[in-house]
Amino acid sequence: TNLTIWPLYKANLVEQLTNNARRWLTDDSPVGVLLYSARSAQQFCQLAGLENIVQNIENITLYVISDKAKYQLPTEVKHRCKVAQSPTEDGLFRMVVDL
């Protein structure tokens with residue numbers, strides 16, 4: 001038997017927020033952030049902490065793909081979190097659209 005491994009996708013973590021993301025997250029307007037995995041939730045919180053965005057958390061809603069991703073969020077932001085009913089991209093999109 002011959003086995004060939006094909007990567008389907010690869011997600012690279014960013015090391016800093018973009019200028020647009022920083023502006024949206026620190027503005028007083030409501031903003032939603034989609035978090036697709038526990039890894040992205042952890043990285044977002046690390047970057048947000050470095051940028052002191054947690055102080056603006058009352059304007060941010062975190063849409064997470066699963067309870068596992070929510071578990072990665074710090075206690076002080078979990079109240080701003082909504083978890084998708086199904087752990088898929090479609091589940092995330094349905095949650096945002098059904099607001």
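In which helix does Val 96 lie? Val 96 belongs to helix 5, and the close-up views below are taken from a predicted model.

**View 1. Salt bridge between Asp 90 and Arg 94.** The side chains of Asp 90 and Arg 94 form a salt bridge, with an N to O distance of 2.7 Å. The count for the model comes to 1 salt bridge. Side chains of opposite charge can pair when their charged atoms come close. Asp 90 and Arg 94 are 4 residues apart in helix 5 (residues 89-97), and are therefore separated by about one helical turn. Asp 90 is partly exposed, at 42% relative accessible area, whereas Arg 94 is exposed, at 53%.

**View 2. Nonpolar surface patch that includes Val 96.** Leu 34, Tyr 36, Phe 93 and Val 96 make up a nonpolar surface patch of about 310 Å². Val 96 contributes to this patch from a position in helix 5. The relative accessible area of Val 96 is 31%, and the residue is classed as partly exposed.

**View 3. Surroundings of Glu 51.** Glu 51 is located in the loop between helix 2 (38-50) and strand 2 (60-64). With a relative accessibility of 27%, Glu 51 is partly exposed. When residues up to four places away in sequence are not counted, Glu 51 touches Leu 17 and Arg 22.

**View 4. Separation of Glu 51 and Arg 94.** In sequence, Glu 51 and Arg 94 are 43 residues apart. In space, the C-alpha to C-alpha distance between Glu 51 and Arg 94 is 29 Å.

How values were computed: Residues numbered from 1 in each chain as written. Predicted model: local features only at pLDDT ≥ 70, side-chain atom pairs only at ≥ 80, totals over all residues. Heavy atoms only, no water. Salt bridge = Lys/Arg side-chain N within 4 Å of Asp/Glu carboxyl O. Helix = DSSP H or I, 4+ residues; strand = E, 2+ residues; numbered from the N terminus. Buried < 20%, exposed > 50% of the residue type's maximum accessible area, 1.4 Å probe, protein only. Patch = residues over 30% accessible without salt bridge, like charges linked within 9 Å, V, L, I, M, F, W, Y side chains within 5 Å. Areas by Shrake-Rupley, 256 points an atom, 1.4 Å probe, with all protein chains shown as cover. Contact = heavy atoms within 4.5 Å.
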